[in-house]
Amino acid sequence: MRHIPIIETEPITNPPSTEYERGKWYKRRGYLEKALRSFKEAAQSAPTDKTSSGWKEVDLSWLEYGLLSMRMRSFGKSEEAFRTVVQHSGTYVQEALNQWAALLHMQGISDQTIGERLLDETRNFPSSNIMVGRSLFYIGAYTYAAHCFAKQGSLYPDTCIQYVTCLIMTGQVLEALPFIDSYLRDLTHHLRELPRPRTFEGAQLARIRQLCEWNIKNSIPDRFIVMSETLELARAAVSLNMISIAEHLLTNSGDHAYYALICFLYDEGHRGLAISKLNQLEALPLQEQDSHSLKVCFIAAENLYDQGRYDEAASLLEQLRLAYPGRTEIRFGEAACYLQSALISLSARLEEQYASATARKEIEQYLDNINAALHVVENTNWHTSWSPAQKRRENHSPLSSLN
């Protein structure tokens, strides 16, 4: 008999006292209408705490209300919630803009129109172009995000990387180089020779610059880089859609480097290519102990799950659970497989014409309970998720290949 891992939740008879926490409680259990009401009541209530932290919860409630409304395809309510958070100009304004852009993108609205609408809504913000540029970057609207960043002028370090990424993703590799050089010069106080950057942003821009040079020259020099830096360069290359460079760096560098390549591709949204490379493996690295080997096995299990091959996915996840008992995502993934299999089995029994009314009622009750349990499991976010921009990459042509 299959063992379904125990899923610990709060007692069903003891929901939280505050509306916001109660909304999250209902949401985790699949009571979406109740969650929606709780979030709206929390959002419309004046905070007892008049400090900034009290108002943060109001905006968080509106944000949760908007996200849940979007999930339930109540797009008008969702847009109203995101607009309210933006108008409050608080801590979550950028997140609200990102999700507002994702909402409009989901409805099939063009990137240009999304940019125009959000710029109009934020016209009174001094950093409107940066904020809207970031939200357009979040949904993969790189052309219009680049226009926003260029209009702003001075950029924050993280926004600088986003702007450079936009230029590269839209084929403007040559235009990206002088901007990178200018930023690195500022970062190193205009020294003649650029030392190795000490900040994360500086190190990342230096890698991006190296990748741009390789892309322009259409070649990579012989191996001379330590493996840790090679992996970081390959990760950056995949994020910039320079797939051929990442393949050149990692394909012939041993099994573990190849596993890393699969992980980078999958995590950045190139799922088809990642699964294709995974399927070329003679065997999964179940006996290996490094993080990329584990991730490759987990990707294989996710792929089986997404194909509806729940028994095979459960078997693989069981092996991973025994090897890595502390990894909760493995436990929840295995539970999801068993719950899905149970749903299929019970649904088939429900469709049998000879089932009695009593039996059908009992089966329906089981189905309700399993669906509720499955909802709790899925809300642990055990499965890999992708941003709107990453979801668009599956059909995005890679930059030029190396000879």
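Threonine 18 is partly exposed, with 38% relative accessible area, and it belongs to the segment that precedes α1 (19-29). The model in which this residue is placed is predicted. The protein is built with 20 helices and 0 strands, and its mean pLDDT is 88.

**Threonine 18 and its surroundings**

- The side chain of threonine 18 comes to 3.3 Å from the backbone nitrogen of glutamate 21.

**Overall organisation**

- Of the 403 residues in the protein, 48% are buried.
- Among contacts with a separation of 6 or more, 58% join residues 24 or more positions apart.

**Confidence of the prediction**

- A pLDDT of 70 or more is reached by 88% of the residues, and the mean for the protein is 88.
- Residues 1-11 have a pLDDT below 50, and this stretch has 24 contacts in the model beyond near neighbours in sequence.
- Residues 190-195 also have a pLDDT below 50, with 5 contacts in the model beyond near neighbours in sequence.

**Helix α7**

- Helix α7 (residues 128-138) is largely enclosed by the rest of the structure, because 10 of its 11 residues are buried.
- The buried residues of this helix are Ser128, Asn129, Ile130, Met131, Val132, Gly133, Arg134, Ser135, Leu136 and Phe137.
- Packing against these buried residues of α7 are α5 (93-106), α6 (111-121), α8 (142-152), α9 (157-169) and α20 (388-392).
- After α7 comes glycine 140, which has a positive phi near 80°.

**Positive phi outside glycine**

- Arginine 73 is not a glycine, yet its phi is positive at about 65°.
- This arginine 73 sits in the loop between α3 (52-71) and α4 (75-88), and its relative accessibility of 57% makes arginine 73 exposed.
- Asparagine 241 likewise has a positive phi, near 70°, in a residue other than glycine.
- The loop between α12 (227-239) and α13 (243-250) holds asparagine 241, which is buried at a relative accessible area of 1%.
- On either side of the cut-offs, then, arginine 73 is exposed at 57%, whereas asparagine 241 is buried at 1%.

**Largest pocket**

- The largest pocket contains about 1,100 Å³ of space.
- Its lining consists of 27 residues, and those nearest the centre of the pocket are Leu67, Arg71, Asn381, Ser385 and Lys391.
- Two or more lining residues are contributed by each of α1, α3, α5, α19 (357-378) and α20.
- Two of these elements, α5 and α20, are also among those that pack against the buried residues of α7.

How values were computed:
Residues numbered from 1 in each chain as written. Heavy atoms only, no water. Helix = DSSP H or I, 4+ residues; strand = E, 2+ residues; numbered from the N terminus. Buried < 20%, exposed > 50% of the residue type's maximum accessible area, 1.4 Å probe, protein only. Contact = heavy atoms within 4.5 Å. pLDDT = per-residue confidence, 0-100. Polar contact = N/O pair within 3.5 Å; in protein donor to acceptor, adjacent residues only side chain to side chain. 1 Å grid on protein atoms, 1.4 Å probe; cavity = no way out; pocket = protein on both sides within 12 Å on 5 of 7 lines; lining within 4 Å. Points joined across faces, edges and corners; volume = space filled by probe spheres on them.
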